[in-house]
Amino acid sequence: MRINIVTIFPEFFDAPLSLGIPNRACKKGLVDYLVVNLREFTHDRHYTVDDLPYGGGAGMVMKPEPFFEAVGTVRSKGPIVLLSPRGRIFTHADAVRYSIQQELTFLCGHYKDVDQRVADHLATEEVSLGDFVLSGGEPAALAVTDAVIRLLPGAIGDHESASSDSFYESPLLSAPSWTRPPDYQGHQVPELLLTGDHVRIKAFRRSLAERMTKEKRPDLWKRATRETDP
């Protein structure tokens, strides 16, 4: 798989992509990263990537030409994703869909906005992390990249660990976890988890997952109960 990231801050990705699972997946040959500096596709001595909005208004708008030229050079064959607060919310299902692609390109916006022609005629989809605004698309691109990379076969040594994560195979949140010591400052691990009774432990974890989903994410709980109704 190849992941292309078009950005005015390529250095933003240096450390994150050289650590942990993203780095391990790259070393195993599962993924290649191409971070493209958008300013290299400008044609003035100031490397200008933004301009005033037509119709007036506050803020600056990123110009379309550098994005189109950058993607044209990359020659991306897969989804071209514009990270945008106007996009639909990114989900685990999107991560799965992206993970089976041979190539994936992220467009990172900045300033007030990106020229709408990028969204309409270059990007194949717009994705958002949630109902909030970031200073740029870089943190969102990194988050989506991480969510996708960990799904590649071989990226994580213990696939069973990943399969028990929230959203992986169940609409429920994952059950909470505990580890040693069994008693810390008077706070104890649930006694059942120390018994070795795996049948009861599995049922216990399921009940915790249901309770936490109902309390913390009633929207997910409603969906889960709807899916299980006859």
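Is Phe12 buried, partly exposed or exposed? The points below take this up, along with the sheet and a surface patch.

1. This is a predicted model. Phe12 is partly exposed, at a relative accessible area of 34%. That value lies between the 20% limit for buried and the 50% limit for exposed.

2. The aromatic pairs number 2. One joins Phe12 and Phe13 edge-to-face. Their centres are 5.2 Å apart, with 70° between the planes. Phe13 has a relative accessible area of 1%, so this residue is buried.

3. Phe90 and Tyr98 also pair. The ring planes of Phe90 and Tyr98 meet at 20°, so this pair counts as stacked. The centres of the two rings are 6.2 Å apart. Phe90 and Tyr98 are both buried.

4. Now the sheet. It is open and holds 3 strands, ordered β3-β4-β7, with mixed pairing. β3 (50–51) and β7 (113–114) are the edge strands, each pairing on one side only. Strands of a sheet pair through backbone hydrogen bonds, in parallel or antiparallel fashion. β3 runs antiparallel to β4 (residues 61–62), and 2 bridges link them. Asp50 sits opposite Met62 of β4.

5. Last, the surface. Leu129, Phe132 and Leu134 make up a nonpolar patch there. Phe132 lies in the loop that runs between β8 (125–128) and α5 (138–149). Its relative accessibility is 43%, so Phe132 is classed as partly exposed.

Key: Residues are numbered from 1 along each chain as its sequence is written. This is a predicted model: local features need pLDDT of at least 70, side-chain atom pairs count only at pLDDT 80 or more; totals for chains, interfaces and linings use all residues. Side-chain values use heavy atoms; hydrogens and water are left out. Patches are made of residues with over 30% relative accessible area and no salt bridge: like charges are joined within 9 Å, nonpolar side chains (Val, Leu, Ile, Met, Phe, Trp, Tyr) within 5 Å. Accessible areas come from the Shrake-Rupley method with a 1.4 Å probe; for residues, only the protein chains shown count as cover. A salt bridge is a side-chain nitrogen of Lys or Arg within 4 Å of a carboxyl oxygen of Asp or Glu. Helices (H or I, at least four residues) and strands (E, at least two) are DSSP runs, numbered from the N terminus. Buried means under 20% relative accessible area, exposed over 50%, partly exposed in between (1.4 Å probe, protein chains only). Two strands pair if DSSP finds at least two bridges between them. Rings of Phe, Tyr and Trp (its six-membered ring) pair if their centres lie within 6.5 Å; planes under 30 degrees apart count as stacked, over 60 as edge-to-face and the rest as tilted.
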